[in-house]
Amino acid sequence: MSVRLLALIPVTVAISLALSAAVDAVALPLFLDTTGTILATALAGPVVGIAVGVLTSAVNTLRNPTFWPFVVVQIIVALYAGFATRAGLFRSLKTAVPTGLGLGVIASLTSTPISYFVFGCTTTGGIALTTALGRALGLPPLGACFFGSFVSDFGDKAVTFALVAAVLHALPRRTAARFPLALRAMGAT
Amino acid sequence: MSALHPFSLLAIAAALPAFAWILPAPGGGLATATLALVLALVPDVRAGARVVRVAVLTAAPFWLFLLLLHDLPTTVAMGLRITTMVASFAWLVAALPPDRLVEAMVARGWSLTLAYLFAATLSAVPVLKARARRIVEAQRCRGLSPRGSVANRLRALRALALPLVLSALHEVDERALALETRGMGSGVHRTPLAAPPDRPLERAARWALLLLCLAAVIWRLA
Amino acid sequence: MRTLGLDDVTFWYPATANPALENITLDVGPGDIVALVGRGGAGASTLLLVAAGLAPRVTGGRLAGTVSRGARAGIVLPTPWTQLSGMAFTVWDEVAFGPANLGWPGHAITRHVDHALERLEIVPLASRDPATLSGGELQRVIIAGILAMDPDLVLLDEPTAELDPEGARAVWRLVRSLAGEGKAVLLATSDVDALPDVADRIVWLEQGSVRAMGEPSLLAEDALCEAGLGTTVADLWRAAALPAPYPLTVVDAVQRWR
């Protein structure tokens with residue numbers, strides 16, 4: 001791996017973790033903790049994206065060890081973003097947002113079994129509460145758990161995809177051209 | 001405890017949660033959770049108390065929600081496992097300074113790449129977090145408020161996030177140039193600066209721990 | 001003998017049609033101090049990257065012409081905080097990052113790092129965490145990190161930008177002493193007032209090309225003053241409509257007044 005892509009990884013991990021400050025400031029129920037993973041994938045491909053995802057989970061784990069099992073979700077996100085990059089789905093918000101919604105479904109399908117079997121669906125406060133709501137609505141335990149994950153992931157991934165598309169389009173062409181896949185992700189091959 | 005080789009500390013922190021899940025509940029979980037908490041208190045009670053407090057504060061909400069969603073036996077079984085995991089990681093973070101781990105990785109001939117990714121990420125995160133806070137402060141002064149429609153808030157989020165991400169991406173270039181000029185990626189084997197000592201006994205103990213884990217899995221599956 | 005030779009070098013960044021450097025020919029030998037001056041975007045930073053062997057290897061892009069380097073180069077870039085290795089948790093380890101990457105034996109690393117810390121007058125910072133340093137302290141740590149690798153060609157991009165006047169004077173003294181040891185120094189700076197006492201040669205860049213090259217007295221010429229690149233004394237003399245040739249330094253001006 002070139003030193004330039006190596007230098008990209010810590011920066012994009014830090015982006016994922018620093019964005020929580022922006023989310024708190026506007027009081028929206030989002031995480032944006034896969035932004036770095038998706039951005040790195042769109043710039044440099046899924047291998048770099050997976051490295052970013054694994055490291056993001058690792059750093060989160062230092063703060064709260066219960067994050068570690070969800071590293072699987074980060075890897076799935078990188079792979080999915082890799083397909084989106086090849087297909088040029090970051091070319092506009094019209095293509096990026098539906099792609100993000102699709103990822104919301106896949107990410108919650110991945111995180112549900114982890115959340116259910118490892119933590120009894122008690123991961124972050126928000127997910128536990130929506131899960132309790134799902135139970136109150138009469139859903140079976142696993143269904144309620146999926147409902148909880150889905151509610152929190154759906155919007156989050158759509159906003160993340162939109163944000164990454166906005167970043168790619170805001171990059172000067174000269175800068176974008178220095179990353180192997182950026183132009184392709186925007187459908188400009 | 002911090003005199004142990006970094007890999008030994010990692011092995012212990014990984015083995016405890018593994019045993020918590022492998023051994024039958026609730027006895028296994030109780031034993032591992034107790035062991036993890038005692039481990040934190042062994043070298044220095046005052047520093048250990050801080051670790052225990054972090055672990056308890058992190059684990060407490062899980063217990064609450066488990067109780068809300070499950071019956072008592074499940075709550076106890078899962079709660080003890082989660083507590084083990086939280087406590088052993090909290091202990092690891094307190095006992096293992098990142099620079100020792102980096103040096104151990106480099107000394108062991110792990111690629112410099114891996115050590116770089118680990119260390120550089122740890123140092124980049126606080127820098128960008130501080131920058132994000134400054135951007136938020138600056139926008140607050142210009143009238144950003146967490147109210148209004150979702151569309152407005154999403155627009156505000158974009159105004160906060162874009163400058164942060166773009167400025168960080170622009171720095172990637174200079175970071176890469178600086179690393180190159182300082183011999184990163186030269187392909188030469190890096191000289192370890194202060195390799196932590198690794199005793200043969202510790203190495204044997206780490207293997208024993210791994211075998212013990214495997215044995216426990218086989219015993220449970222049989 | 002030359003440490004760095006550029007022969008008719010033209011360089012394009014990726015995805016750009018206009019070259020960032022055009023037909024540059026330049027020689028820097030041991031003990032030479034050559035200063036690049038020019039307005040922002042004139043190509044001084046790019047020229048340093050080419051001289052360091054980082055463009056196009058790391059930046060991407062395309063290069064025409066030939067670059068010959070007789071020895072190892074080390075470059076100090078303009079913003080200090082992006083140049084921290086991120087792998088060191090003390091200043092000593094940060095300065096040792098480069099030498100360790102070169103695979104030197106431990107005792108050689110220790111000797112070069114200690115010497116570099118002394119030269120930059122940052123021995124008291126040795127056990128500090130680099131993340132807690134001020135901009136000026138960081139700038140010195142970065143310069144020390146390059147010097148510890150014992151490069152024969154030292155490239156400096158705005159080395160005094162983060163420093164107070166006293167710190168800047170110390171860096172200029174250091175540059176002179178490096179040249180005294182036979183190292184070749186190529187630098188870009190907007191601190192033109194320091195150059196008459198530091199540089200042997202001035203290269204004036206404009207839009208990627210060499211507009212003029214010569215003795216430091218170039219910095220008192222009308223065309224450079226017009227471009228905003230003359231020394232303060234020369235600028236004042238010109239603004240006061242006093243007759244050319246303009247004095248280069250305060251000492252020159254005082255002599256002219258007498």
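In this predicted model, chain C has 258 residues, and a compact globule of that length would have a radius of gyration near 18 Å; the value for chain C is 19 Å, so the two agree. Along the principal axes, the C-alpha atoms of chain C fill a box of roughly 60 × 45 × 35 Å. Of its 258 residues, 51% count as buried. If we look at contacts in chain C between residues at least 6 apart in sequence, 64% of them join residues at least 24 apart. The chain holds nine helices and nine strands.

**Strands of chain C**

Let us begin with strand E3 of chain C, residues 33–37, which is mostly covered: five of its five residues are buried. Ile33(C), Ala35(C) and Val37(C) point one way from E3(C), while Val34(C) and Leu36(C) point the other way, and all are buried.

Which strands does E3(C) run parallel to? One is strand E7 of chain C, residues 184–188, joined to E3(C) by four bridges. Here Ile33(C) stands opposite Val185(C). Another is E8(C), which also runs parallel to E3(C) and is joined to it by four bridges. In that pairing, Ala35(C) has Ile202(C) of E8(C) as its bridge partner.

Strand E1 of chain C, residues 4–12, pairs in the antiparallel sense with strand E2, residues 21–28, over five bridges. E1(C) also pairs in the antiparallel sense with strand E4, residues 62–69, over seven bridges. The table sets these pairings side by side, each with one residue pair.

| Strands | Sense | Bridges | A residue pair |
|---|---|---|---|
| E1(C) and E2(C) | antiparallel | five | Leu6(C) and Leu26(C) |
| E1(C) and E4(C) | antiparallel | seven | Leu4(C) and Arg69(C) |
| E3(C) and E7(C) | parallel | four | Ile33(C) and Val185(C) |
| E3(C) and E8(C) | parallel | four | Ala35(C) and Ile202(C) |

**Domains of chain C**

The domain assignment divides chain C into domain 1, residues 4–216, and domain 2, residues 217–258. Their C-alpha centres lie 28 Å apart. How many residues of each domain are in contact with the other? In domain 1 of chain C there are 12, and they are in contact with 11 residues of domain 2. On the domain 1 side, at least two residues each come from helix H6 (195–198), strand E8 (201–206) and strand E9 (209–214) of chain C. By class, that side of domain 1 divides into eight nonpolar, one polar and three charged residues.

**Chain B**

The domain assignment of chain B gives domain 1, made of residues 6–96 and 195–221, and domain 2, residues 104–181. The centres of the two domains, taken over C-alpha atoms, are separated by 32 Å.

Just after H7(B), Gly183(B) takes a positive phi of about 85°.

**Where chain A meets chain B**

Chain B also touches chain A: 46 residues of chain A are in contact with 53 residues of chain B. On the chain A side, the elements that give two or more residues are helix H1 (3–26), helix H3 (46–63), helix H6 (125–136) and helix H7 (141–170) of chain A. Which helix gives the most to this side? H1(A) does, with 19 residues. By class, the side of chain A that touches chain B has 36 nonpolar, eight polar and two charged residues.

Definitions and conventions. Residues are numbered from 1 along each chain as its sequence is written. Chains are lettered from A and ligands numbered from 1 in the order in which they are written. This is a predicted model: local features need pLDDT of at least 70, side-chain atom pairs count only at pLDDT 80 or more; totals for chains, interfaces and linings use all residues. Two residues are in contact if their C-beta atoms, placed from the backbone, lie within 7 Å. Ala, Val, Leu, Ile, Met, Phe, Trp, Tyr, Cys and Pro count as nonpolar, Asp, Glu, Lys and Arg as charged, and the others, Gly among them, as polar. The radius of gyration is taken over C-alpha atoms; the globule rule is 2.2 Å times the number of residues to the power 0.38. A residue is buried if 20 or more other C-beta atoms lie within 10 Å of its own, exposed if 12 or fewer, and partly exposed in between; C-beta atoms are placed from the backbone. Domain bounds come from an automatic or database domain assignment. Two strands pair if DSSP finds at least two bridges between them.
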